[in-house]
Amino acid sequence: MSFLLPKLTSKKEVDQAIKSTAEKVLVLRFGRDEDPVCLQLDDILSKTSSDLSKMAAIYLVDVDQTPVYTHYFDISYIPSTVFFFNGQHMKVDYGCVALSSHLAPGHVDFTHNGLQLGTQAKPARCWTGLYFNMEHKF
């Protein structure tokens, strides 16, 4: 389903998306078009993109075409998803009990510069950090 979402194919295009996406969360999915796990995530992202269009912009970024960002974000698992808001890299806390005991069980806290952007149900597995890593290392 990668063909349903816009692709950024160079560092310049990624830079432009980061700088120009205002008042929305920018979601960058780093991966490869032919990878089966990336295709699964792309399917989910494409199904939700129209519902999220007022609050998020979703782009696909090929790790092989943007090695500068792959290194900068220390992406070692694909797919990896990186979030920005108004040009600022966001930390996403996926609700691990040890780090987010202040939340109701099973919820995820989205924060930016200390401001809570919202909560939602926690995924089956728990990740914390600057990006959300899925199944395998490349």
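Biologist: In which sense do β4 and strand β5 (residues 88-89) pair, and over how many bridges?

Modeller: This is a predicted model, in which local features need pLDDT of at least 70 and side-chain atom pairs count only at pLDDT 80 or more, while totals for chains, interfaces and linings use all residues. Residues are numbered from 1 along each chain as its sequence is written, and side-chain values use heavy atoms, with hydrogens and water left out. Strands are DSSP runs of E with at least two residues, and helices are runs of H or I with at least four, numbered from the N terminus; two strands pair if DSSP finds at least two bridges between them. For β4 and β5 the sense is antiparallel, over 2 bridges.

Biologist: Which residue in β4 is the bridge partner of Arg-29?

Modeller: Strand β2 (residues 25-31) runs antiparallel to β4, and 6 bridges join them. Within β4, the partner of Arg-29 is Thr-81.

Biologist: Is Arg-29 buried or exposed?

Modeller: Buried means under 20% relative accessible area, exposed over 50%, and partly exposed in between, using a 1.4 Å probe and protein chains only. Arg-29 has a relative accessible area of 0%, so Arg-29 is buried.

Biologist: Which residue in helix α2 (residues 36-52) does Arg-29 pair with?

Modeller: A salt bridge places a side-chain nitrogen of Lys or Arg within 4 Å of a carboxyl oxygen of Asp or Glu. Arg-29 meets one such partner at 2.8 Å, N to O. This pair links distant parts of the chain, 13 residues apart, and the partner in α2 is Asp-42.
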